[in-house]
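Here are my notes on the model, as numbered points. Please read them with the structure open.

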Amino acid sequence: MASEYSPGLQGVVAAVSGISDIDVERSVLTYRGYDVHVLAEQASFEEVAFLVLNGELPNRDQLANFCAAIAEGRCVPAAVYDALRSFPKEAHPMDILRAGVSLLALHDPDRTDHSAEANMRKAIRLIGQIGALVPNGYRIVVQGEPPVQPDSSISHAGNILYMLTGQRPDPLAEHVINGSLILYMEHGLNASTFASRVVVSTLSDLYSGTIAAIGALKGPLHGGANEAAMELLLDVGTPDRAREYIREALAAKKKVMGFGHREYKHSDSRAGVMKEFGKRVCEQKGDWKWFEIAEAIEQEMWEAKKLFPNLDFPSAWTYYLLGLPIPLYTPLFAASRTVGWSAHMIEQLSANRIIRPTSLYNGPAPREFVPLSDR
């Protein structure tokens with residue numbers, strides 16, 4: 001029996017996985033052996049999703065079939081959208097997404113088939129469905145607008161933008177969203193991924209595991225950090241206020257979201273890639289305000305705490321420049337990480353053993369029960 005406790009399970013090996021690897025010394029993240037920097041710049045979301053799920057990059061025919069399957073998945077059942085219309089307008093998009101995935105499970109044609117082949121079909125279906133449910137859930141519930149039907153001639157990243165606005169996306173915006181989805185797609189045994197593996201280890205289904213993962217991702221210490229980072233930037237307001245604002249926040253022991261990462265020692269290299277995407281958007285729009293505020297905050301955080309920005313920090317101001325609503329930042333994360341969750345759940349089920357860690361007891365010593373009349 002284990003005799004040592006590691007808070008947050010830090011350093012505890014809980015799985016053996018061939019999906020991604022983090023080189024903490026060099027700050028390099030790879031998916032199935034491929035550097036995520038190269039993938040984010042040169043590959044499509046669909047290519048990388050195929051890689052993460054199947055272990056190898058697709059050829060042209062494999063990619064065409066995979067894209068067609070994802071496109072089919074984007075056609076969310078009308079009954080699901082009808083149900084969303086009863087949701088309260090103030091519902092957070094992550095709550096909409098969590099409930100929406102529960103509804104999708106009821107309509108899945110493979111819902112009673114738990115074979116490896118059916119699980120792969122469910123995974124591909126979920127990628128398309130969540131990619132549609134994020135923008136259309138926001139349109140239906142928050143904006144009171146009808147859903148936009150997907151366009152199979154547009155990429156997955158482009159469809160997310162298209163369904164959100166009803167307009168064909170700008171090529172740079174599509175490229176940036178594509179890159180950000182790849183950067184967010186997979187990251188080892190993080191909280192949401194671990195949650196998904198725990199659920200399917202009981203031989204529950206992929207939808208249940210995805211719902212658990214969405215719940216974990218919602219928290220500000222995980223996926224919600226990108227929303228909190230943008231709220232921070234908006235509160236700072238101008239570049240000249242940034243350093244003083246952060247000094248005051250640190251003096252008051254406030255947590256500055258979007259900085260540091262448990263898995264990295266020196267930097268989160270994904271943040272550097274995302275910052276370069278953001279700079280292209282700044283140049284296109286002729287607006288460097290949010291970049292300058294972010295730079296000042298990064299400098300102060302490094303000088304004061306030796307903390308580096310993680311992926312959520314540049315994603316926040318880049319998404320804001322692209323006009324994306326702040327409450328959709330974490331759902332966009334989920335739309336990407338669905339790939340990683342699915343790959344991990346499939347991997348877990350391929351050699352399954354129920355995940356059941358132990359705990360160290362620190363409660364009262366054994367004692368005698370006292371009847372109610374004597375208490």
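1. Basis. This is a predicted model, in which local features need pLDDT of at least 70 and side-chain atom pairs count only at pLDDT 80 or more, while totals for chains, interfaces and linings use all residues. Residues are numbered from 1 along each chain as its sequence is written, and side-chain values use heavy atoms, with hydrogens and water left out.

2. The sheet. Three strands make an open sheet, ordered β1-β2-β3, with antiparallel pairing. Strands here are DSSP runs of E of at least two residues, helices are runs of H or I of at least four, and both are numbered from the N terminus. Two strands pair if DSSP finds at least two bridges between them. The edges are β1 (20–23) and β3 (34–35), each pairing on one side only.

3. Four bridges join β1 to β2 (residues 28–31) in the antiparallel sense. I22 faces L29 of β2, and D23 faces V28 of β2. The hairpin has four residues between its strands, and S27 takes a positive phi near 55°.

4. The two faces of β1. In a regular strand the side chains alternate between the two faces of the sheet. In β1, S20 and I22 are on the covered face, and D21 and D23 are on the uncovered one.

5. The criterion is a side-chain nitrogen of Lys or Arg within 4 Å of a carboxyl oxygen of Asp or Glu. How accessible are the partners? R26 is exposed at 58% relative accessibility, whereas D23 is partly exposed at 24%. The cut-offs for relative accessible area are under 20% for buried, over 50% for exposed and in between for partly exposed (1.4 Å probe, protein chains only).

6. Other salt bridges. How many salt bridges does the structure hold? The count is 18. One of them links D113 and R121, with the closest N and O atoms 3.8 Å apart. D113 is partly exposed, with a relative accessible area of 29%. R121 is partly exposed too, at 38%.

7. K279 and E276 form a salt bridge, their closest N and O atoms being 3.3 Å apart. Both residues lie in helix α13 (residues 269–285), three residues apart, or about one turn of the helix. K279 is partly exposed at 27%, and E276 is partly exposed at 37%. Separately, salt bridges with shared partners join D108, D110, D113, R121 and R125 into one network.

8. α13 against α15. The axes of α13 and α15 (residues 312–321) come within 9 Å and cross at roughly 25°. Axes are lines fitted to C-alpha atoms, for helices over the stretch in contact, and angles run from 0 to 180 degrees between N-to-C directions. The two helices are therefore roughly parallel to each other. The classes are: under 35 degrees roughly parallel, over 145 roughly antiparallel, 65 to 115 roughly perpendicular, and the rest oblique. The crossing is left-handed; that label applies if the near helix is turned anticlockwise from the far one by less than a right angle, and right-handed applies if clockwise. Contact residues include M274, G278, K279 and C282 of α13, and W317, T318 and L321 of α15. Contact means heavy atoms within 4.5 Å.

9. α15 against α16. What angle do α15 and helix α16 (residues 329–350) make? They pack at about 115°, with axes 11 Å apart. The pair is therefore roughly perpendicular. This crossing is right-handed. The contact is made by D312, A316, Y319 and Y320 of α15 with Y329, L332 and F333 of α16. Y319 is also listed in the contact between α13 and α15.

10. Positive phi in loops. Most residues other than glycine have a negative phi. Which residues deserve a look here? L203 has a positive phi near 70°. L203 sits in the loop between α9 (191–200) and α10 (206–217) and is exposed, with a relative accessible area of 60%. K253 has a positive phi near 65°. K253 lies in the loop between α12 (242–251) and α13, and is exposed at 76%.
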